Amino acid sequence: MLRFIVFRLLQAIPVLFVVISATFFLVRQAPGGPFDAEKPVIPAVKRALEAKYNLDQSLFQQYLSYMGDLVQGDMGPSFKYPGWAVQDLIASGFPVTAELGIYALLIALLVGTSAGVFASLKPNTRQDYIPMSVAMIGICMPTFLLGPLLVLVFGIWLEWLPISGWGDLPGDKILPSITLGAAYAAYIARLSRGGMLEVMSQDYIRTARAKGLPEHVVVLKHALRGGLVPVVAYLGPAFAGLLSGSFVVETIFQIPGLGRFYVQAAFNRDYTMILGTTIFLSTLIVLFNLLSDVIATWMNPRLRDSLRGGPQ
Amino acid sequence: MCCALPVVACVQMESKTILSLFLSVSLLGCIKGETNVEQGNREGVLHFGNYGEPQGVDPHVATGVPEHHIIGALFEGLVQKNPNSLAIEPAVAERWTVSDDGRVYTFTIRNNAVWSNGDKVTAADFEWSWWRALQPALASSYVFMYFPIKNAEAYFNQQLTDFADVGIKAIDEKTFRVELDAPAPYFLQLLDHYALFPVHRLTVEKFGEPDESYTRWTRPENIVSNGPFLLDEWRLFKYLSVKKNPNYWDASKVKLNAIRFYPIDKQTTEERMFRAGQLHRTEEVPIDRIPWYRENRPELLKIAPYIGTYLYRINTGKPHLADVRVRQALSMSVDRRRLIDTVLNGLFTPAFSVVPPGLLGYEPPDVFTYDPDKARQLLSDAGYPGGKGYPGLEIQYNTHEQHRKIAIAIQQMWREELGINVRLQNKDWKVYLDDETTGNFDASRGGWIGDYVDPNTFMDIWTAASGVNRTGFSNEEFDRLVLQQAPNAKDHDTRLQIFQEAERLFLEHMPVVPLYTYSSKHLAHPSVKGLYSNYMDYYNFRYVSLVPDSTSGKPN
């Protein structure tokens, strides 16, 4: 197992290198630059700005000096918010996005697996159709619709919950977490239903039932572990998706998270910020994929055994 | 087993139990006290929607509206504007004199003007601050605001190296003298722009070189300022708050205890926050929501003419747009009234000139009107009767719902009235700017907001050397009128006449199609007093107060 993890970590290095280099050169190909504006700065000012950010050097020189700084942990100042280093901005936005992502994922897991397992117990009955129809709606409904809808109902009509901010007013974390988690809950519901149905038809479940075990023991002890493997495999990509895809929710609810930085950086041609957030998020995605592979392996005895001899 | 724990916990629950669990979580959150507005009214804290996260609060480096609001609260220049009449009033300077030829301004700095650390504000502070703003390495975007001052531009471009030759001088501790190249009637207005505000020398130098931008001197724990408010807390992408400055020379007149500026870039989010009582005032109103407010809560809606013109640039360098008759036909065939009434909820004023009417008594020349018959005739004279043989053209606009709607309406009008084929091209902001700058467009949506109340701010942008021009329009006579004759006009009326002549010349060449004059639009809670509507959409927070009345904190 350890060799497997180390091997996967080593694999990640060239992946990240390619991501960084491709991003560095691609963002420079986009038309327009960070200092373009409706009212153009006068040429002397523009030259001074370009000198300040080394944009007057050749692209390859800039690449080398960026890589040099990066190795030392310096991502440079943001072009759009020059008073702050990119790593400072990430450090201020990431905890918020991570917290939002964790709440959303917990909601998604709690609601999704419960609904999925519940539906799978009596397939093709009303107990199955109703939660699965709701899940289908959940998958189809985009967050930019669900968010404002929840705001309208719970924030403005019922006046139960605050509709913006993060940690400023009591309860202001509830609506964004539900909005972000909803689509994932729906997907997890379908995944866990499918996984459970497959497992429930296996021989060892029949054996368990034949032993005379009560149904809840069969479901909880024997079926669940195998039935949820697809869900666990999905968790890594899901959490990475929650982190990089929280932009819409952060905008709707006025949350100071990383997602907003990421998208705005692209619009602003904020080169250092685009690179910084891309590097950070791609590193996270690599790590989460690894983590979910490890957990899935640990949960699935066959995979676990196949790894005994080292990575194939 | 840990990761499966929540699953185990809830598989035993019935769906009803789960639902009630969620309801109780929600209910926990709604033991919700008063709204921001109610709390703000009680404590004198203004909750202010402020469009975007400020890039910084260094007056010499900043650009942009959100920065403008914040810096206006933190710093103060020699003069300020009355937010009601926009008349110039004394600020750090208690009085000033202007020489007979209008070139030399002598300011007397008031005795009780102090920095927030207790140091006196002196003439030397202004001299040093303005020297700093003119350092090329600082790369101040608004440095051109200094260029009416004698030799300032030459010094900035390093054609002159001795700052003593620039018309900026501290005569003694309290006397500050400024000499201009030529009389500029709008010069006092410039002094209220943050680019000409003073900064505290020792503080700036403590955290870096004077010409170094974005050092730590503007962080809340370091900053020293001289305005009615002090920087208190700066939480990135959440809010920036300022509190009353007890050392401010006119502190007894400042009514607010604090202001919290929220960086909200999404108009719909901002409007929802306002409705939920989380904001006193919004920076914008989504245009689709205007009819609702007009109908139901007109007292919350603040709409006022705004010093800006929405227009389409026409690329005069393209062969099929080089003929002035084609450009005139394009402009005359647009029914601006219908455009505004149908697409824009009747919000703006039709524009037949680039300078909005009424700037210091300026009335734009009467060059053209909506006249589709004449437009067809002009197009026919240009060799395209009924649009036949015309290659068609493309309208480019940056991604925004409103720009798209306007472009569709204009596409329709040009098609119907002139019979020409029009394509729409939606572009990302930076791509759009790049294509406009490099001349890769036919017609491009644009807008211009005046920097000060004077026709000059709408005219000098169309001179040949201006970076804002971007139409290929270049006319020596126009440049001579705007750059040489107008500044040296013997009196105000003559100057206005010169601008009128220049604008007539400009509109006859029609390198742009003016569409409408902007309006500023905000939502404001009834408890907010002193946020006057004016032409510049200018606020002076010294005048703002919160007077709670019987209405609840939530406006709907």
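**Exercise 1.** Determine the strand order of the open sheet of 4 strands in chain B, and state which strands stand at its edges.

Solution. In this predicted model, the order is β4-β5-β7-β6 (chain B), with antiparallel pairing. Strands here are DSSP runs of E with at least two residues, and helices are runs of H or I with at least four, both numbered from the N terminus. Two strands pair if DSSP finds at least two bridges between them. The edges are β4 (93-98) and β6 (168-170) of chain B; each has a single partner strand, so one side of each lacks a neighbour in the sheet. From one strand to the next the twist averages 20 degrees, where axes are lines fitted to C-alpha atoms, for helices over the stretch in contact, and angles run from 0 to 180 degrees between N-to-C directions.

Residues are numbered from 1 along each chain as its sequence is written, and chains are lettered from A and ligands numbered from 1 in the order written. Local features need pLDDT of at least 70 and side-chain atom pairs count only at pLDDT 80 or more, while totals for chains, interfaces and linings use all residues; pLDDT is the predictor's confidence in each residue, from 0 to 100.

**Exercise 2.** Describe how β5 and β7 of chain B pair.

Solution. Strand β5 (residues 104-109) and strand β7 (residues 175-179) of chain B are antiparallel, over 5 bridges. One bridge joins B:V104 to B:E179 in β7(B).

**Exercise 3.** Classify B:Q39 as buried or exposed, or in between.

Solution. B:Q39 is in helix α3 (residues 36-43) of chain B. Buried needs 20 or more other C-beta atoms (placed from the backbone) within 10 Å, exposed 12 or fewer, and partly exposed lies in between. B:Q39 has 14, so B:Q39 is partly exposed.
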